[in-house]
Every structure is written in structure tokens, then in C-alpha cells.
Amino acid sequence: PGNRDPPGSPPPGADEAEARRERLDRASRAMGALLLRGYRMLGSCCPECGTILLQDKERRLLCVSCQEPAGGHGTGGGERG
């Protein structure tokens with residue numbers, strides 16, 4: 001009575017939580033692969049999505065979640081020492 005969900009169905013919001021978990025897993029795998037290729041993990045985050053930024057050997061910034069150079073987000077293009 002009062003519960004319209006069929007027995008065994010996921011709780012409300014479970015789909016969003018699962019989608020978020022999948023996005024985080026994808027970002028973590030991408031970061032790991034780039035770190036193995038010589039990228040550096042920085043102490044700053046993407047202003048668009050909040051993901052930790054990576055930097056390549058040419059000092060270009062990359063956000064693995066947005067999949068584009070972070071300089072396009074207005075972070076200054078990676079001129080960090």
C-alpha cells in the first residue's frame with residue numbers, strides 16, 4: 001500500500017548514482033592511462049566539471065572528463081611552473 005515500485009526494483013535515484021559511478025570510473029581509467037604515458041596530475045581542477053587536471057610534457061593541460069585541453073576552459077593554457 002502506497003509503494004508503487006515493483007518488488008526488487010532499484011530505489012529512486014539509483015540510475016543517476018550508477019551513471020555517476022560509471023563516469024567516475026571512465027575518468028579514473030583515462031587518468032591512469034595518461035599518467036602511464038608521462039602526464040602529470042596537478043593540484044587544480046577543471047573549472048567546468050571539477051575533475052583533476054593533467055599536464056603533458058609540453059605543459060598543456062587536459063581534462064579527462066571534458067576530453068579537451070583545459071586551456072579551452074579559461075585556465076590560462078598551462079603556464080604553470
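I started with R59, which counts as partly exposed because its relative accessibility is 33%. I keep in mind that this is a predicted model.

**Entry 1: R59 and its backbone**

I looked up where R59 sits. R59 lies in the loop between β2 (52–55) and β3 (61–63). Next I checked its phi. The angle is near 70 degrees, a positive value in a residue other than glycine. I noted this because most residues other than glycine have a negative phi.

**Entry 2: the strands around the loop**

How do β2 and β3 pair? I found them antiparallel, over two bridges. They form a hairpin with five residues between them, and R59 is in the turn. I then picked out a facing pair: L54 stands opposite L62 in β3.

I turned to the other partner of β2. Strand β1 (residues 40–45) pairs with β2 in the antiparallel sense, over three bridges. Here M41 stands opposite L54 in β2.

The hairpin of β1 and β2 has six residues between the strands. I looked for a positive phi there too. G50 takes one, near 85 degrees.

**Entry 3: D56 in the loop**

I went back to the loop between β2 and β3 and found D56 there. Is D56 buried or exposed? D56 counts as buried because its relative accessibility is 9%, and the cut-off for buried is under 20%.

I then checked what the side chain of D56 reaches. One of its polar atoms lies 3.0 Å from the backbone nitrogen of E58. I also found a salt bridge between D56 and R60, with the closest N and O atoms 2.8 Å apart.

I followed R60 onward. R60 counts as partly exposed because its relative accessibility is 49%. The cut-off for exposed is over 50%. The side chain of R60 also meets that of E58 in a salt bridge, at 3.2 Å from N to O. E58 is exposed, because its relative accessible area is 55%.

D56 is buried, R60 is partly exposed and E58 is exposed.

**Entry 4: a salt bridge in the helix**

How many salt bridges are there by this rule? The count comes to three. I had noted D56 with R60, and E58 with R60. I looked up E18 with R21 as well, where the side chains meet at 3.2 Å, N to O.

Where do E18 and R21 lie? Both are in helix α1 (residues 14–36). They are three residues apart, about one turn of the helix. I checked how open each one is. E18 counts as partly exposed because its relative accessibility is 35%. R21 is also partly exposed, because its relative accessible area is 45%.

**Last note**

I marked two places to look at again. One is the turn between β2 and β3, with R59 and its positive phi of about 70 degrees.

Methods. Residues numbered from 1 in each chain as written. Predicted model: local features only at pLDDT ≥ 70, side-chain atom pairs only at ≥ 80, totals over all residues. Heavy atoms only, no water. Helix = DSSP H or I, 4+ residues; strand = E, 2+ residues; numbered from the N terminus. Buried < 20%, exposed > 50% of the residue type's maximum accessible area, 1.4 Å probe, protein only. Polar contact = N/O pair within 3.5 Å; in protein donor to acceptor, adjacent residues only side chain to side chain. Pairing = 2+ DSSP bridges. Salt bridge = Lys/Arg side-chain N within 4 Å of Asp/Glu carboxyl O.
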